[in-house]
Amino acid sequence: MSKLTTIQASARVTSSAIIPATATDTLLVGLDWGTNLSSLHAARGDSTELLVQEQIPTVVGYAQENILDGVLPGDARVLFGKQAQKHRQHMRLVRPLQGGVIADREAAKEFARHLRTRLPENAGEIRAVIGMPASSDLAARENARAAVQGVFQKVIFVPEPFLAALGYRDDDRLNDSEYQDPVLNSLYVDIGAGSTDVCIVQGRYPTVDDQLSAPFAGDAVDQIILDAAHIAYPDAGLTLAKVREVKEKYSCVMGDEGQQPAIATVMVGGKPMKIDLTAQIAAGCAALLQKTFEMTSELVGRADPDSVSELLQNVIVTGGGSLIRGFGVALQTKLLEEGFENPRVRVLGQGYKDYVARGALKTARQAQDRHWQNILG
Amino acid sequence: MSLATVKNVPYSEPADARWAELERWTLEACVLRAEGREAEAVRVLQERMPSLIRDWSAQCRLPKPAIQERLRRMFSEKQDFVARGLAQRRLITSELIARGRDIAASAPRPANVTSASGAGASGRSSAPVGLRQRVPLGDVVGMLDGLAEAEREARREAIWPLRSPATFAAAEL
Ligand SMILES: Nc1ncnc2c1ncn2[C@@H]1O[C@H](COP(=O)(O)OP(=O)(O)O)[C@@H](O)[C@H]1O
Ligand SMILES: [Mg+2]
């Protein structure tokens with residue numbers, strides 16, 4: 001354990017070096033607890049300085065029973081995020097969340113405790129605003145509350161699209177005439193690991209009628225690719241993790257012209273073998289595009305007719321799924337082909353990873369005492 | 001869920017099928033409004049009611065002022081009725097939630113009890129906890145107030161679904 005403790009301790013030193021060791025006032029946290037990736041922001045209540053800004057893959061690795069000493073850093077029993085991924089061959093990897101909500105309570109607790117180690121050590125009271133899928137219910141909140149017990153003292157849960165809109169808007173430029181406020185009339189599409197969420201933001205927070213959510217996103221694409229690959233290469237011993245790795249490298253919805261051949265190297269009977277997954281990946285990505293298109297057009301259909309033409313000008317795609325090559329153009333083309341007038345689709349790119357956490361921290365700064373829920377224990 | 005089974009008619013009226021339907025849809029609109037489903041409530045009021053009112057008015061053979069008076073009285077009675085049911089529900093559920101919290105706080109916490117209102121969390125309600133009303137983006141405090149109320153309502157719903165006979169029974173208390 002000792003080495004792991006040192007690693008964690010050194011992480012603390014970098015964060016806590018910025019603040020006086022005696023600080024006991026409130027630490028505010030913004031947390032995007034994603035199925036795939038979590039983003040953690042933290043700042044003092046009385047300062048604008050961001051003390052922590054970190055992205056951590058939402059994964060917990062448990063060391064295999066019979067692992068030899070010295071294989072894992074500090075002979076740790078549990079590793080998190082990138083560390084866990086790096087040592088995956090010696091660990092059982094568990095994703096605490098599925099479809100944006102907690103699926104494995106123990107792993108979720110471990111992960112929350114890990115988040116604590118990323119925050120300044122003597123933080124005083126820690127208050128966290130935590131993003132929740134727009135479609136999540138009371139039980140999902142209860143589970144999240146239980147998982148962060150002993151980690152945060154007070155929490156507020158807020159639907160992710162609200163936080164993304166707040167985080168995406170540049171408050172400093174609201175008075176700038178050149179600045180086009182992206183939340184005045186936009187349609188947001190968030191393609192994550194577990195779910196695709198579409199919502200309309202027209203200068204106000206989306207109501208339950210302004211949003212749609214489907215449990216079809218990156219993970220479902222992985223499954224489609226894997227199923228199709230099993231048929232073509234029954235002996236290749238492909239896993240979801242491998243498929244995902246190849247998908248993230250070669251994902252594409254540009255048809256034959258833009259598609260690079262997706263060649264994966266797998267071990268068959270101890271020997272490397274090259275297999276071509278181009279068609280399978282194309283099929284998985286096309287299914288996601290179709291689903292996204294259907295959800296988008298349904299929601300456009302619900303919008304106030306007077307606002308639709310401007311709304312179609314501001315379709316914004318975020319989340320890991322938006323990194324599929326050609327996705328924005330393909331969605332735009334599909335909308336156009338289906339008769340929507342003059343659509344314009346923008347893709348946020350890598351930057352999407354911080355918006356929810358940033359919005360969460362903004363929210364934490366404005367929350368009143370009555371909004372904070374005490375976590376007992 | 002159909003509200004047709006609710007046989008509460010606080011005063012006696014001609015046993016007229018149209019009138020009964022009018023009452024039923026008025027009650028439905030009030031319940032929808034109470035649930036925050038304003039658009040659906042408006043749809044009932046705009047799409048169902050006018051023709052029912054027209055038909056009933058033509059059949060009842062009452063003078064116009066009497067027709068208006070009777071409708072007005074029925075509307076306000078249904079509103080009061082739903083408001084009473086909701087008030088009782090609010091009162092009783094908040095008592096139950098508070099008690100649940102006390103019990104959870106004093107008992108040793110089993111590993112898989114998720115929280116104070118474990119009963120609530122495991123209840124049937126899996127409706128998303130979201131905003132029903134419109135809140136401008138700049139109004140973070142208003143948004144948080146709206147979410148807090150949505151969560152409270154979800155908790156009530158888990159213990160006592162609004163559309164249950166109990167709500168209508170409570171309205172008669
Ligand atoms: N380049 C890429 N092409 C296709 N899919 C990608 C790419 N990069 C990431 N993804 C997928 O995006 C999903 C994760 O998106 P993310 O927004 O981080 O999820 P979450 O918000 O659910 O944590 C995963 O399914 C991942 O495989
Ligand atoms: Mg996300």
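**Exercise 1. Determine which polar atoms lie around an oxygen atom of ligand 1.**

*Solution.* A polar backbone atom of A:Leu37 lies 3.0 Å from an oxygen atom of ligand 1, a polar contact being a pair of N or O atoms within 3.5 Å. A backbone N or O atom of A:Thr35 is 3.1 Å from a ligand oxygen. For A:Lys247, a polar side-chain atom is found 2.8 Å from an oxygen atom of ligand 1. The protein covers 90% of the 570 Å² of accessible area that ligand 1 has on its own (Shrake-Rupley method, 1.4 Å probe).

The model is predicted: local features need pLDDT of at least 70, side-chain atom pairs count only at pLDDT 80 or more, and totals for chains, interfaces and linings use all residues. Side-chain values use heavy atoms, without hydrogens and water.

**Exercise 2. State which helix gives the most to the shell around ligand 1.**

*Solution.* Helix H6 (218-232) and helix H7 (240-250) of chain A each supply at least two residues (helices are DSSP runs of H or I, at least four residues). H7(A) gives the most, with three residues.

**Exercise 3. Describe the contact of chain B and chain A.**

*Solution.* Chain B contributes 30 residues and chain A 37 residues, where contact means heavy atoms within 4.5 Å. The two chains bury about 2,900 Å² between them, 62% of it on carbon and sulfur atoms; buried area is the accessible area (1.4 Å probe) lost on being put together, summed over both parts. Four salt bridges cross the interface (side-chain nitrogen of Lys or Arg within 4 Å of a carboxyl oxygen of Asp or Glu). One salt bridge joins A:Arg141 and B:Glu151, at 3.9 Å, N to O.

Technical notes: Residues numbered from 1 in each chain as written. Chains lettered and ligands numbered in written order. Polar contact = N/O pair within 3.5 Å; in protein donor to acceptor, adjacent residues only side chain to side chain.
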